[in-house]
Amino acid sequence: MATIVSIGSGKGGVGKSVIAANLAMLLAKRGRRVVLADLDVGGADAHILFGLLNPPRTLTDFVERRVERLDEVLQPISAHPFLQLLPGTGDTLATANLPYAKKKRLIRHFAQLQADIIIVDIGAGTSYHALDFFLMADHYLTVATPDPTSVLDLYRFIKLAAIRRVLSAFLSRDAVSEALSERDFASIDEVIQAVGETDPNARATATRTLQGFQPHLIVNRVSGKSRVNVLQLKKLLKEYVGGELTMLGEIPDDPAMTRAVRSYLPVVEFEPTAPAAVALSGAADALLMELAKPAPIPAESASSPERAA
Ligand SMILES: Nc1ncnc2c1ncn2[C@@H]1O[C@H](COP(=O)(O)OP(=O)(O)OP(=O)(O)O)[C@@H](O)[C@H]1O
Ligand SMILES: [Mg+2]
């Protein structure tokens, strides 16, 4: 089974796709078989970063059952033999009316691909589609820039992801869960209230689920004067969300990044000695160390044992 790492953010344009492409490339260079999958509901563009302007097949072909197997959609990437791409669908995922169980099935197909690591670019935002796909991974990576609105949006994203993770711990396969899964909740307490009538252990389950919620963070476009107070952010999240935030690295604001995008190559390939490339390399090592640790409790098995079965 491949390990799935999802990359999300609250605000758009913070560098998720370039970071996903570079990490995918670096992990391939370190000997892992990597698939970069584009689940960005709004604007799927990971293929463009590798100069694949018009992919012959995309995830849409799989979602709409024009191809039987997910690996028929995989595209080789000339930059590295261990790296493959699953081009995204653009709007199809948002409009495909995918209920929770179908999203889960799609992710299960991901895990069965012949690969060691699947990096999934989720795209920005807190739609329940985005949050569900983000949370169905084994490891979560968030990206923010030091821009105050980006930090605020990151906090909001993580809070809503935590709420949704708690919710998914209660989701079984019946109709009630479908109705719940499409509702927007504002707090973890609201979820507990909604499920509390049928599940007397709701609060204990919620607490257990949150303990396993350990997103990672990369701060991008850092410059001398603009940094993020990561300690404060960690404390805030611990207090209000209950989960643990691990820092994987800071990537400097670096014009080499833009030059690389224009050349359709990851910066780690295009200018490996550029400051951003060096920092990305450090983040890839930090990510590999995290992946080597025992996995945190998956969202659903944190609920009652019989439901996990
Ligand atoms: N460290 C950096 N230094 C300089 N420019 C950067 C850096 N990181 C990203 N950029 C620039 O920001 C642009 C947007 O990045 P990217 O497309 O990866 O963002 P995104 O978070 O995926 O956006 P979206 O939410 O729209 O999917 C890139 O084209 C790149 O030129
Ligand atoms: Mg993107």
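How many bridges join strand β2 to strand β4? The legends below, for a predicted model, begin with the whole protein and reach that pair in the second view.

**View 1. Overview of the protein.** The predicted model contains 15 helices and eight strands. Of its 309 residues, 46% are buried. Among contacts between residues at least 6 apart in sequence, 78% join residues at least 24 apart.

**View 2. The open sheet and its strands.** Eight strands are arranged in the order β3-β4-β2-β5-β1-β6-β7-β8, with mixed pairing. At the edges stand β3 (75-76) and β8 (246-252); each has a single partner strand, so one side of each is left without a neighbour in the sheet. Strands β2 (residues 34-38) and β4 (residues 83-86) run parallel and are joined by four bridges. Opposite V35 stands Q84 in β4.

**View 3. Two helices across the sheet.** Helix α6 (residues 128-135) lies across β1 (3-9), β5 and β6 (139-144), at about 160° to β5. Helix α14 (residues 275-292) lies across β1, β6, β7 and β8, and runs at about 165° to β8.

**View 4. The largest nonpolar core.** This core has 92 residues, of which L23, A24, L36, I119 and V120 touch the most other members. Helix α7 (residues 148-170) gives the most to the core, with 12 residues. Beyond its neighbours within four places in sequence, I119 is in contact with residues including V5, I7, L23 and L36.

**View 5. The shell around ligand 1.** Ligand 1 is surrounded by 21 residues, the closest being G12, G15, K16, S17 and A124. Two or more residues each come from α1 (16-29), β5 (117-124), β7 (216-222) and α12 (255-262). The shell divides into seven nonpolar, nine polar and five charged residues.

Notes:
Residues are numbered from 1 along each chain as its sequence is written. Chains are lettered from A and ligands numbered from 1 in the order in which they are written. This is a predicted model: local features need pLDDT of at least 70, side-chain atom pairs count only at pLDDT 80 or more; totals for chains, interfaces and linings use all residues. A residue is near a molecule or strand if its C-beta atom, placed from the backbone, lies within 6 Å of it. Ala, Val, Leu, Ile, Met, Phe, Trp, Tyr, Cys and Pro count as nonpolar, Asp, Glu, Lys and Arg as charged, and the others, Gly among them, as polar. A residue is buried if 20 or more other C-beta atoms lie within 10 Å of its own, exposed if 12 or fewer, and partly exposed in between; C-beta atoms are placed from the backbone. Two residues are in contact if their C-beta atoms, placed from the backbone, lie within 7 Å. A nonpolar core is a set of buried Ala, Val, Leu, Ile, Met, Phe, Trp, Tyr and Cys residues joined through C-beta atoms within 7 Å. Two strands pair if DSSP finds at least two bridges between them. Axes are lines fitted to C-alpha atoms, for helices over the stretch in contact, and angles run from 0 to 180 degrees between N-to-C directions.
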